[in-house]
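Here's a quick tour of the model, ring by ring and pocket by pocket. Have a look at the structure first.

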Amino acid sequence: MAKMKKRADLPQKICATCGRPFAWRRKWARDWENVRYCSDRCRDQRGRPGA
């Protein structure tokens with residue numbers, strides 16, 4: 001069985017909408033290079049004024 005990595009050891013990015021850091025998730029493994037938003041809420045608010 002593979003060893004688990006600590007959350008602090010995972011790659012991180014900064015959300016394009018809210019500016020908060022977010023960590024790699026298994027569901028993003030194939031598409032990590034294209035992930036720009038930390039959540040569906042941030043993705044839905046992209047381009048809206050006041051976001």
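## Aromatic cluster

Phe 22, Trp 28 and Trp 32 form one aromatic cluster. Rings of Phe, Tyr and Trp (its six-membered ring) pair if their centres lie within 6.5 Å; planes under 30 degrees apart are stacked, over 60 edge-to-face, and the rest tilted. By this rule, the count is three aromatic pairs. One of them joins Phe 22 and Trp 28, edge-to-face, with 5.5 Å centre to centre and 80° between the planes.

Both partners of that pair get a burial label from their relative accessible area (buried is under 20%, exposed over 50%, partly exposed in between; 1.4 Å probe, protein chains only). Phe 22 comes out buried at 7%, and Trp 28 counts as buried at 13%. As for Trp 32, the charged end of Lys 13 sits over its ring, 4.6 Å from the centre. To qualify, NZ of Lys or CZ of Arg has to be within 6 Å of the ring centre and within 35 degrees of the ring normal.

A note on the ground rules: this is a predicted model, where local features need pLDDT of at least 70 and side-chain atom pairs count only at pLDDT 80 or more, while totals for chains, interfaces and linings use all residues. Residues are numbered from 1 along each chain as its sequence is written, and side-chain values use heavy atoms, with hydrogens and water left out.

## Around Cys 18

Cys 18 is in the loop between β1 (12–14) and β2 (21–23); strands here are DSSP runs (E, at least two residues), numbered from the N terminus. At 35% relative accessibility, Cys 18 is partly exposed. Leaving aside neighbours within four places in sequence, Cys 18 touches Cys 38 and Cys 42 (contact means heavy atoms within 4.5 Å).

## Pockets

The largest pocket holds about 210 Å³ of space. A pocket is an open set of points on a 1 Å grid over the protein atoms alone, where a 1.4 Å probe fits, with protein on both sides within 12 Å along at least five of seven lines; lining residues have an atom within 4 Å of a point. Trp 28 is part of this lining, and so is Cys 38. The lining residues divide into four nonpolar, two polar and six charged.

The second largest pocket has about 180 Å³. Lys 3, Met 4, Lys 5, Leu 10, Trp 24 and Arg 26 line it, which splits into three nonpolar, no polar and three charged.

Notes
Helices (H or I, at least four residues) and strands (E, at least two) are DSSP runs, numbered from the N terminus. Grid points are joined across faces, edges and corners, and a volume is the space filled by probe spheres set on the points. Ala, Val, Leu, Ile, Met, Phe, Trp, Tyr, Cys and Pro count as nonpolar, Asp, Glu, Lys and Arg as charged, and the others, Gly among them, as polar.
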